[in-house]
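Open your viewer and take a short tour with me. We will pick out a few selections and see what sits at each stop.

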Amino acid sequence: MGLLERVSTLIRANLNDLVDRAEDPEKLIKQLILDMENQYLQVKTQVAVSIADQHMLEKKFRENEDSGRDWMRKAELAVDKAQDDLARAALDRYQTSQKLALSYREQVDDQKTQVETLKSALVKLEQKLDEAKSKRDLLLARHRRSIALGKAARAQATLGEQSKSASFDRMKERVNHTESVASAEVQLLTDGVGEQLVRLDRDSEVDRLLADIKSKRGLLRA
């Protein structure tokens with residue numbers, strides 16, 4: 001979950017706030033985008049790995065299902081030939097295959113959930129990365145305008161051009177208005193005796209399965 005937590009932190013980052021507090025906004029934004037790109041590659045790789053794991057688990061599930069059917073077929077054949085010992089052994093293997101198949105089925109379901117979670121994180125991070133790139137120039141231009149206005153104000157004070165003060169103030173007001181409209185908040189998106197008893201249970205189930213096979217074949221004594 002560490003990877004998803006890092007991704008979540010990145011997509012919740014507020015660029016405007018970070019730029020306002022940064023000593024070097026341009027460097028900060030470039031680093032943030034670089035971090036997003038690195039995390040995107042990691043998530044994309046993890047999605048591929050998780051999908052591969054899902055396919056492997058599905059293969060194991062099918063193999064054990066097939067194995068269970070094969071052992072049941074062998075048990076039925078042994079019953080037909082009146083070889084109960086072989087039938088019981090085959091039914092014991094059948095039970096093992098069935099339990100393994102069930103276990104792999106549960107793992108497949110869990111893996112599918114993980115894959116979907118990673119895919120969702122990948123989509124969100126990609127969207128926020130694109131948004132950050134599209135807002136980068138706007139935020140940097142805003143910061144540079146602020147610096148330029150500060151320099152202009154200091155130059156005016158130094159030159160004593162009082163006659164141009166009103167015009168400059170109007171220009172500054174227009175710039176601030178444009179800035180407030182253009183730089184609306186950028187919010188990047190906001191998880192022994194025990195063994196014997198177990199053997200008895202297994203033997204009981206084997207007996208039941210054996211009797212069921214014999215019953216279906218009319219081999220049970222009246």
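A charge counts as sitting over a ring if NZ of Lys or CZ of Arg is within 6 Å of the ring centre and within 35 degrees of the ring normal. With that in mind, select Trp71 and Lys74: the charged end of Lys74 sits over the ring of Trp71, 4.4 Å from its centre. Next, select Phe61 and Arg105, where Arg105 lies over the face of Phe61 at 5.0 Å from the ring centre.

Before you go on, two notes on what you are viewing. This is a predicted model, in which local features need pLDDT of at least 70 and side-chain atom pairs count only at pLDDT 80 or more, while totals for chains, interfaces and linings use all residues. Residues are numbered from 1 along each chain as its sequence is written, and side-chain values use heavy atoms, with hydrogens and water left out.

Now zoom out and switch to a cartoon view. The protein chain has six helices and zero strands (DSSP runs, H or I of at least four residues for helices and E of at least two for strands, numbered from the N terminus). Of its 222 residues, 30% are buried, meaning under 20% relative accessible area with a 1.4 Å probe, protein chains only.

For the last stop, select residues 84–159, which form helix H4, and find Gln111 there. Is Gln111 buried or exposed? Gln111 is buried, as its relative accessible area is 11%. Show its surroundings: beyond neighbours within four places in sequence, Gln111 is in contact (heavy atoms within 4.5 Å) with Ser50, Asp53, Gln54 and Leu57.

Conventions
Buried < 20%, exposed > 50% of the residue type's maximum accessible area, 1.4 Å probe, protein only.
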